[in-house]
Amino acid sequence: PCRLWPADLPTVLRVCVGPRTSDSCASASDGAMLDTRLRYGATESRAEALLSQSVPGPKSFSQAAAPFVAEFVGTFALVFTVGCCVLSVGDPSWNAIAIGLALMAMVYATGPVSGGHLNPAVSLTLCIVGKLPWPLMLGYWVVQVSGGIAAGFCVCALSTPRKAFIEPGPPFTWQYSVTAEFIYTALLCFVVLNCAVARRNNPRDDRNQFYGLAIGLAVVAGVYSVGGISGACLNPAVAVGFDVSSSPAGATGWSLCWMLAELMGALVAAVLFRIVRQEEFGNSSGLSTASDVEAITPFAFTFQAFEPGFASKCLSEFLGTFVLVLTVGLNIIVGSPAGPWAAAAALTCMVYSLGNVSGAQFNPAVTLAMVLRSRCCVRDGIAFVAAQLLAGVLAGLTVASFHSAGPMRNTTFELGPGIGYSPATAGFVELLFTFVLVYAVLASSTVASPAGWQTKQNNYFGLAIGSCMAAGGFAIGSVSGGELNPAVCLGIATASLSHHVAQAPPHAPLTNCLAFSTWELAGGLIAAAVFRKTHPGEFKGAPLLVK
């Protein structure tokens with residue numbers, strides 16, 4: 001017999017097939033409790049999806065309206081926080097942190113009710129990948145934009161005569177602003193899909209708790225990186241809300257450009273998600289018909305043993321490294337005082353997103369250590385390093401393009417020792433903090449969870465890795481720049497070669513890149529050796545290298 005229980009969306013019920021036992025079929029109350037955690041409309045596997053059916057059930061008006069009220073309230077709170085940060089006279093250095101924390105809090109608060117989208121672009125990307133019905137998406141759009149407009153009018157009324165205009169940040173032109181909105185909205189939507197929707201990050205009975213943190217950190221990275229270029233709306237509700245509430249005529253029209261770029265970013269994020277998470281769309285199970293489903297043990301199919309393809313892994317490494325290097329470079333050329341925070345936020349959210357695709361290494365020094373740790377074969381390691389370096393070059397060229405149009409276009413940023421420090425000193429501190437970073441990666445992401453834990457999820461590894469990036473950036477930024485990554489060094493060197501002014505001093509970015517990379521690879525090598533000494537139980541009978 002079957003047992004049905006309600007899911008978080010009113011029209012969807014999942015079926016539990018098998019003998020009516022406590023192990024094979026949860027009680028109705030337990031099923032309802034579990035399904036409220038299917039954030040962002042996360043669906044079951046291909047096999048289970050074929051067993052799903054729509055069963056209408058009686059629902060009160062308050063129950064049906066609850067998701068829309070949650071989306072309105074959450075979007076209002078987010079946009080109001082943005083407005084207060086923009087229009088207040090406080091220190092703007094912390095605006096990105098405030099906005100990211102507000103989003104994180106509201107995602108955790110409204111996620112079990114509505115999915116916690118709070119962003120039309122997020123709703124669109126979920127609809128594209130089949131995680132949200134389009135009628136519900138349209139309903140969410142209405143309340144999200146309404147919440148944004150209401151918050152815009154409220155915060156502007158409280159801050160009169162100051163207004164929050166949507167326009168390109170001078171001296172950047174609209175083309176650069178639109179590109180910035182596109183890139184970082186795509187990042188936000190990609191993080192949502194991977195952290196809050198992907199089945200291998202959210203097994204049925206053991207869902208992760210880092211999804212809200214990763215989503216908030218994606219916004220932190222975006223605001224620090226492109227806040228001075230486009231305002232870093234990354235959300236049509238923010239763009240339309242402030243454009244309508246701040247413009248005398250009701251809207252300047254820039255919000256439409258921003259909104260189009262953001263929705264295009266959502267589309268690209270959905271495409272990339274389909275490529276790196278092919279198992280989400282039935283490509284890994286080989287199950288395409290109901291007879292296929294009947295042939296398997298009910299609910300035995302799981303994504304946890306799935307091994308991503310070689311191309312998906314390489315793309316994962318490329319995307320994560322590109323986002324990291326681009327974020328570092330943009331913070332440099334806009335003179336951000338919080339570059340290490342932005343880099344750490346970008347690294348953390350991408351590690352959480354792609355950790356179970358390629359290992360989320362994003363760093364040749366980490367890849368070297370992973371090969372020595374026997375967690376990455378030599379072939380994959382070589383391919384990963386190639387993808388990382390290619391991403392560094394392309395991100396460097398993108399940074400150079402923004403640099404040529406920015407307020408510091410007449411300044412050349414060099415990769416090299418800080419003023420008053422020797423190359424040896426700069427190289428040594430790069431080695432030391434790269435060691436810290438790589439050792440944290442090995443110790444937090446390649447070791448099995450303690451036997452006493454009730455979860456198999458590793459909810460802290462991304463935060464630990466990102467924290468090393470922030471620590472190194474602030475600690476040795478004035479000594480060496482705190483790159484801690486040969487791909488970042490190559491990206492900065494590429495940007496320096498692509499954009500420099502005649503009055504700049506003679507520079508040798510490739511020489512410094514090679515020198516710094518050597519120190520950083522040495523740090524990764526030492527980390528692998530120390531890890532073998534501190535975790536001998538991890539190497540019992542294991543070969544030094546895997547084929």
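**Briefing: helix pairs, a surface patch and backbone geometry**

P171 lies in the loop between α6 and α7. The model described here is predicted.

**Backbone geometry in the loops**

- Most residues other than glycine have a negative phi, and most peptide bonds are trans.
- A cis peptide bond with omega of about 10° links T160 to P161.
- P161 is located in the loop between α6 (134–158) and α7 (174–197), and P171 is also placed in the loop between α6 and α7.
- F362, a residue other than glycine, has a positive phi, near 55°.
- The position of F362 is in the loop between α13 (339–354) and α14 (364–372).

**Helices α16 and α17**

- Two packed helices are described by the angle between their axes and the distance between the axes.
- For helix α16 (residues 423–445) and helix α17 (residues 461–476), the axes come within 9 Å and the crossing angle is roughly 170°.
- Because angles over 145 degrees count as roughly antiparallel, α16 is roughly antiparallel to α17.
- On the α16 side, the contact is made by V429, E430, F433, V436, L437, A440, V441, S444 and S445.
- On the α17 side, F461, A464, I465, C468, A471, G472, A475 and I476 take part in the contact.
- The residues of this contact between α16 and α17 comprise 13 nonpolar, three polar and one charged.

**Helices α18 and α19**

- Helix α18 (residues 486–498) and helix α19 (residues 509–534) have axes that come within 9 Å and cross at roughly 175°.
- This crossing angle makes α18 roughly antiparallel to α19.
- From α18, the residues P486, C489, L490, A493, S496 and L497 meet P509, L510, C513, F516, S517, E520 and L521 of α19.
- Sorted by class, the contact of α18 with α19 contains ten nonpolar, two polar and one charged residues.

**Nonpolar surface patch**

- A nonpolar patch on the surface is formed by I128, L260, M264, L267, V271 and I275, which together have about 480 Å² of accessible area.
- Helix α10 (residues 254–276) supplies the largest share of the nonpolar patch, namely five residues.
- L267, one of the patch residues, is found in helix α10.

Key. Residues numbered from 1 in each chain as written. Predicted model: local features only at pLDDT ≥ 70, side-chain atom pairs only at ≥ 80, totals over all residues. Heavy atoms only, no water. Axes fitted to C-alpha atoms, helices over the stretch in contact; angles between N-to-C directions. Helix = DSSP H or I, 4+ residues; strand = E, 2+ residues; numbered from the N terminus. Parallel < 35°, antiparallel > 145°, perpendicular 65-115°, else oblique. Contact = heavy atoms within 4.5 Å. Nonpolar A, V, L, I, M, F, W, Y, C, P; charged D, E, K, R; others polar. Patch = residues over 30% accessible without salt bridge, like charges linked within 9 Å, V, L, I, M, F, W, Y side chains within 5 Å. Areas by Shrake-Rupley, 256 points an atom, 1.4 Å probe, with all protein chains shown as cover. Salt bridge = Lys/Arg side-chain N within 4 Å of Asp/Glu carboxyl O.
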